[in-house]
Amino acid sequence: MATAAHLVLVTLALVILITESMAVQHGINLIWAQRSSKRIDYAKIVGIEGYPKDWISTGKLKVRQISAPSIQWHFNALAYQYDTKTIYWSEKGNKRIQGLRLDGSTETNNVFNGTSSDVEGLAVDWVSRNLYFTDSVYNWVMMVGLNSTVFPHKLVTDTNLDRPMGIAVYPQKGYLFWSDWGVEPKIEVSDLVGENRRVLVGRTLMYPRGLTVDHAENVLYWVDSGLDTVESVQFSGANRRQIASQPGSDFYGIALYKEYLFVTEQNEGHLRMYDKTKGTNYVNYNLDSTPYGIIMYEENLQEGDFDDCFAMGCEHICVNGPLVGPKCYCGDGFQLEKDNRTCKAQVEFATPSHVYTIGDAVCQYPANLPDMSLTNVTLDKQCFITDGNGFMALAFNVYENMLFISENGTQKIYRAHFKDGATKEVIVGGVGAVQGMAVDWVANNLYWTDSVLKHIMVSRLDGSYQKILLNTPPQQPLGIAVHPYRRQLFWTLVGSDPMIETSFLDGSSRQLVNIKKERLGMPNHLTIDFKFDRLYWSDSTLDNIRYLDLDTGSVIKVISVPDSHIFGISVFQDYIFWTDRDERNGVHVAIVDSGKKVRGIIHPVVGVATDIIAFSESSQPIRNGFCSSVDAPADCKECGNLNGGCEQLCLAGNGTNFHCACGLGFKLDVGGSTCTSQVLEDNYLVVTDAYQKQIYQVGAVSNRFNAIHVSIHYRPIAVDLDPVDKKVYWSDITSKVIKRVNLDGTYEEVVAVLSMKSIPDGIAVDYLNRLVYYTDTGRDEIGVISMTNSSKSKVVVRSTTEEPRDIAVDPYEGSIFWTDWGSKPMIERAATDGSRRLTIVNLTVGSWPNGLTIDYKGKLLYWCDAKNNKIMSADFDGNNVQTLYEEETAHYFGIALMGSYIYLTDWSRKSIMRLDRQNPKFLEVVGPATFGRLNGIQAYNASEIIKGTSVCKDEDCEFLCLPMPNGGKVCACPDDYILNSDGRTCSVPPSTETPPSTDHTSTSPTTSAGAPTTRMQPPVTSAAQTSNNTTIVKLSTSTPVPTTSIVPSVPSTVSSLSLSTSLSTGQSPSSPTTQAGPKTTTTPTPVTSAAQTSNNTTTVKLPASTQNITLTSTFSTVTLNSSSTLTPGKTLFPTTTSGSSEKVTNNDDDTGIHPGIIVLIVILCLGILAAVAFMGVYLYRRWRSGGRQILVEDERVDSYYQIAFPERANEEASLDSGIENPTYKYTMSELQAAEAEQLASLR
């Protein structure tokens, strides 16, 4: 039978004997990748030329191939762009994607460096010129713009992927297909940018792999290596059918041409050919190798053109969707400009990313850290926050692009945007030692452990409403992790009895984690893999990392590293990351499933590596909550929906329950959602807490305390009381305002909005005369504001104040007193209008006089010195200076008087302290010891309130009336106005036509923003051009090599051009030169940042007026010889050709033969000689190799590195304390021996 005659097994070796062997060429080809199982054989890309119908029917094949240069290379997936004559492949050995033109070109391009070793799907959108690929280790789909020389890449999707494998694209329909053979095997489809995603096939799959599209019939074909089937389905998901089944096979790739399906099979090493309709198996070829990806390289399979995208002129990526047409996109790490075409680098880091703390720095690496090239990497490039003081723990909210960092040197928790140049903002202070943090991204809460204070805290993400969730004595809590969807909190406890505990997120149902009697040494950090519901922990005593399967309860050891100090851990896709100390100080990576270590980054002498996180949406997945289910009631509430209706904290509990909670000083009301506080009426203190961002009342006798219910504060500092209206006044140095509110939290209002330069450190209320005085350390001045009309304000002291801090007012004496901690520390006095100013106490240089208060009856001043740790007093004239109390360590800030006691706030203490003035021998604690950082303080006792009548009661001043010494008074005018001769009214000075405005205060909040700052940069030009003010100079980038060798470019650009310019005017090339005369500014044209290369020349744009310009071209090319036989042959090692420097002189005054002509003649002669030499070498190699097209391996770097800040690099560090490059199957000595053996076999 004719059909049976075609069902024969033929070996490709026999075909070779009867067909011509040459390099793979442009034209119709069936092309696949293969690798022999022999130890020293080379990977190949093999092609059968011609129409399948012809060679299937005749059995005569014209076979061509490309051979790898080393047994380390491993071709995997394939794709192509026919109109550019380019074939693309993923290369497993060196973890990259490359492209090669099949038009005789000798240059390969590295399209993407740093893939994992498992890129098993490639596809080209030939209409938009984009390459798509799947990576089954990083579990993402990525796209690369092929029309840009920088090959920008953009993440298409990395969510809900397990092991993405095959990929296919149909540009005209706007479809992108991929297969995923993870826990839930499926085939999905989306648009060309990963949106509008849906499952196309989700049932009866095992290991779906290669995909191919039938454009004519709108059908998708795939192979399943688990079910051993070839199948198809329509784009709608209908009419799924099985084309062929071959039990015991291991299908990998699939390609289509007309009625033929071509399938690679790995179990027996076959290339199989089927009829796409009937499933008839035409013929099978035994390849004597393991085949991988396969493509049909044919023009009609890629109909359409690039014209629409070309017209758009996108700088990075163009996507031509069928519905919206062409649209520009930018690669990861860039953002689209307003012109919707060009891209600029964004300050925000691309996600996913890896972030870790080391010493005083926070550093960042891209997602492919395990596989990226680390050549020339230093910490100054990777660390974006370097002003720390002992960074320790990390947490993040990926949806707000926010990073949280604990700093144990200052006992603070910061937050910072995840971007280059990020600045830290304190959100929590006064902590003990925070070694673990975790974010509940559903409820927007921050959890942290404190191993000194031995408790677990929770707050909102801005640090507000802090609450002690759990106390842990005698154990010390360390690592912590949040699982919002299980509503669980996990933490480690270290000490005499180490353990791992869990509770619900509200702290209820606390219990031990069941780890099946697994021994614990010192469990450190925790992390959760949400894809598999695994709880990981590190153990620095047992030197291992283990995980608990939260579904099955099984415990698995992932990795063990003897003599290590494993601390921080994170999981990203199929990799696990950890930090180590001592000899291995740095970051290390292993594969989760195998435990095989693939990379170690060592940081010598730059601090201890501590925590590490994977800043990724996969680490904080979004899932539907209970309220999204069909069983949810109409009025369903949960923490992820409007904070569950809670005013402050929403904490999830058992089942679908949650409860509202309140921060320090508040109590939950009977309704269970709002927070209230009970006002103290007498004998109380009022203090501000900058870290709790709150104002508190504390009972002086009862020790009861409560928060004053006001809106969120930024950083409240100074505070005072108005006993007449029962209001609290305070200043906020972050929002630059002075505010007031009733004691019960009602009628909160802004009194004044100050300048953005202002730092209102002190405040004093004159409730008799209804005035508020404040110090402004930022502007070095003292101002006054009317309490009855806050639009009336005035600066009363401005000159020679240096660092005014606290202020006190004596309404009876009409005087103000203030402390100044500048270069000449002092206490000053003046009348309330700023006159009669006098220094009454000169303090020792270096003193920090902070808080100041008045004993009105005794006419004494009391102040505290934060530098010398003293509490001191003097009379109103500065006489009788006394030190009442002194201690070795303190940082006093605020001071107040009530009865016989002095009340103090101290930055080094978490409670209010008091000192008996009659017996000042020791300090006593007042109230709770749970505050963060206490600042201003004021006391109230009804019996001590000053009573009297204002001297300004009946005064008719136009603007302000100020009390003066000896019962006097004076009218005051706004800044820059003058008081008229009537002593009451104000007017503009004669020299001023209009009233000048002041930026000191405002009656209502305003948004103050500085002028936008623009960093000027020289324009970037993609290619040099000729214009009236430029000179075009062409430099030969290399000696012409008339060979057909393949030249792979190791970096993304083949050559780099270094320009050294010297202007005759002596000016910097980018600096304008201004000449005499009107409008005679000459600006030399900036040197272009990129040069256009063509015909072995580089075109560079230079200023026309530039004289004596030296251009130095530095580059190297690695030459790869060609091969066209299918059997392994002679390997040609890399040949490096270095360019030379050329000096081009432009001198219009020269006569005779221009020196440049002589230089060019010499270079031309040398070039001809070099060309002849290279041609001889090429012909000799061509003769010796038999015409095979062999790719020569890129030059490799050393096996070990170290990464450090350049100025801190340890020159004596040994190689094994550096970066460990991923190792290959063979050592270099084995590779060299194998290649020598290969060469010998060919001679």
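Student: Are C646 and C660 buried or exposed?

Tutor: Buried means under 20% relative accessible area, exposed means over 50%, and partly exposed lies in between, using a 1.4 Å probe and protein chains only. Here both C646 and C660 are buried. Keep in mind that this is a predicted model, where local features need pLDDT of at least 70, side-chain atom pairs count only at pLDDT 80 or more, and totals for chains, interfaces and linings use all residues. Residues are numbered from 1 along each chain as its sequence is written, and side-chain values use heavy atoms, with hydrogens and water left out.

Student: What do C646 and C660 form?

Tutor: A disulfide is a pair of cysteine sulfur atoms within 2.5 Å. The sulfur atoms of C646 and C660 are 1.9 Å apart, and the two residues form a disulfide. The torsion about their S-S bond is about -80°, so this disulfide is left-handed. C646 lies in the loop between β53 (609–615) and β54 (649–652), while C660 is in strand β55 (residues 658–661), so the pair ties together parts 14 residues apart in sequence. Strands (E, at least two residues) are DSSP runs, numbered from the N terminus.

Student: How many disulfides does this rule give?

Tutor: The count comes to 10 disulfides. One of them joins C662 and C675, with sulfur atoms 2.1 Å apart. Its S-S torsion is about -95°, so this disulfide is left-handed. C662 lies in the loop between β55 and β56 (667–668), and C675 in strand β57 (residues 675–676), so the link ties together parts 13 residues apart in sequence. C662 is buried at a relative accessible area of 9%, and C675 is buried at 3%.

Student: Which residue does a disulfide join to C952?

Tutor: C952 is joined to C961, S to S 2.0 Å. With -75° about the S-S bond, the link is left-handed. Both C952 and C961 are buried.

Student: In what order do the 4 strands of the open sheet stand?

Tutor: Strands of a sheet pair through backbone hydrogen bonds, either parallel or antiparallel. Two strands count as paired if DSSP finds at least two bridges between them. Here the order is β32-β31-β30-β53, with antiparallel pairing. β32 (383–385) and β53 stand at the edges with a single partner strand each, so one side of each has no neighbour in the sheet.

Student: Over how many bridges do β30 and β53 pair?

Tutor: Strand β30 (residues 353–358) pairs with β53 over 5 bridges, in the antiparallel sense. The bridge partner of S353 in β53 is F615.
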